[in-house]
Amino acid sequence: MKIITQISVFMENTTGRLAQILTQIGENGIDIRAISIADTNDFGILRFIPRDAEKAADILKNLNLVVKKTEVMAINMDDVPGGLAKTLSEVSKLGIDIQYMYAFSSIDSEEPTVVIKTADVKGDLEKLNKSAFFS
Amino acid sequence: MKGVNDYKMGNYYQPEIECASPEQIRAWQDERLVKQVRHMYDNVEYYRKKMDEHGVSPDDIKSADDLHKLPFLSKADLRDAYPYGLLAMPLSDCVRIQSTSGTTGKRVVAFYTQHDIDLWEDCCARAIVAAGGTKDDVCHVSYGYGLFTGGPGLNGGSHKVGCLTLPMSSGNTERQIMFMRDLHSTILCCTPSYAAYIGETLREMGYTPDDIDLKAGIFGAEPWTEEMRRDIEKSLGLKAYDIYGLTETSGPGVSFECSEQKGMHINEDHFIAEIIDPETGEVLPDGSKGELVLSSITKEAFPLLRYRTRDICVLNREKCSCGRTHVRMSKPMGRSDDMLIIRGVNVFPSQIEEVLLKVGNNITPNYQIIVDRVNNSDTLDVLVEMSSMFVADDVKSVAAVEKNIKAQLHGILGIQANVKLVEPKSITRSEGKAKRVIDKRNLLD
């Protein structure tokens, strides 16, 4: 379990815009480890975990994109059916409210990982560290 | 279509005035202007100061030829003088106020004595008779009633003519049509947008123009094109007439279209019209395009001299076949300021900018205002470029920014705007500067 930096990018919800932005990200050598997108009719928020968040943020700002760096939690899970459900229920049991999440097969380790955003990532991670299930 | 060719040429409400000789009109203007200048100088400190600063006294005004010597009045003066600064009669002699649409900061409060109301209603009566109205008509008034001058003005005019007056105001359109049918309305008075909407609703209810008895309509309070006129005439089966006025000059009835429909006759016994160059203030000859300036020479409580309307038009003194001798003004062709009229409400781009400044923590983001017309109703879209001020990692926060801007705009403007956050640099720039207002309505043809 650890805190990692997520980059979020504001983008208009028009055909081709997503591919365009991802192309720019790729052309600039930014390596995406995990990615998700939240959308409305008019706009979307692209969220991704790059290898080097500082570098990624700088590059994207220079491309006139509106970016934000956010600290999020990355928690490993059991690679079995129900693994994600178990992890998330234990998080909820500790009274931690999940704002959004996305999960992937692996980020740095062999185990599948869930990325979670909460209101107080540092504080909530401490709670998890102290709990029986996660320590 | 019933009644389109039914009007009688040569029907006037006050023929001895409307068809007076140009010399007689001129004599009225000379006499009344001199009296009005004295009235303002003696009773309105704000205007007396202005005249003094301008180096002109009432003795310098001996006829309408001297009008150009007087200082202008503009909306800014009305704001500075709000509310009583331009009142020329004791408050106890005033029986009414009317006020413009717009925000608190830009409201104009006009005061009226009973005499002012009578004269105003006479002007509206002239418009109704010019549209073929007689005491046997049923006048359906769907302009808003209340502070807005449309309803009260045409309501009063209708009474003067002796029509059966239906004080409908706007809204509840199916009921309006029911009354139109059951009480056989023959003249409709409302905004062109609302007339178009009534036409649509009529069709949706399964009726055709043959199912109603309208013969004429008197439409104004917002810009409208010849194309809109044709559409309205078709959908309601009537002859559509234009009318013009401002709250500052009492309301509708400053000028009105006659059967010839080649411009609107300005009631020159009540108003002296000038056309000026909006940049220099120089008075331009008849036939020139410029800003219309109006001087009220018969109003008592709240008379304005050389009031800059910001409307651009042309004056035409050629003889009109209708028999009226008062000068005609063209439909306004634009404005000398950046004011927009959206759904009947006055909107200044600066008001929108003010809201964005507040929301953006003292930095105005790049924005663009797009005004369009969809289904006969004006739409207002405000595009705001996303910036580091608004950036968030979740949809809720961004949506909240949009919602907040929308709510603040509604508070300031009084109308709903669609707010859309867009990516930086997506608002097209020309020569480094973004075009702030795009009006797609093509109101000037």
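Helices (H or I, at least four residues) and strands (E, at least two) are DSSP runs, numbered from the N terminus. The model described here is predicted, with local features needing pLDDT of at least 70, side-chain atom pairs counting only at pLDDT 80 or more, and totals for chains, interfaces and linings using all residues. Residues are numbered from 1 along each chain as its sequence is written, chains are lettered from A and ligands numbered from 1 in the order in which they are written, and side-chain values use heavy atoms, leaving out hydrogens and water.

In the loop between strand 14 (340-342) and strand 15 (345-347) of chain B lies B:Arg343. Although not a glycine, B:Arg343 has a positive phi of about 50°. With a relative accessible area of 34%, B:Arg343 is partly exposed, a class that falls between buried (under 20%) and exposed (over 50%), with a 1.4 Å probe and protein chains only.

B:Ser169, also not a glycine, has a positive phi of about 55°. This serine, B:Ser169, sits in the loop between strand 4 (164-167) and helix 7 (173-182) of chain B. Another loop of chain B, between helix 4 (75-81) and strand 1 (94-99), holds B:Pro83. The peptide bond joining B:Tyr82 and B:Pro83 is cis, with omega about -10°.

Turning to chain A, the loop between strand 5 (98-104) and strand 6 (113-118) contains A:Glu111. A:Glu111 counts as partly exposed because its relative accessibility is 38%.
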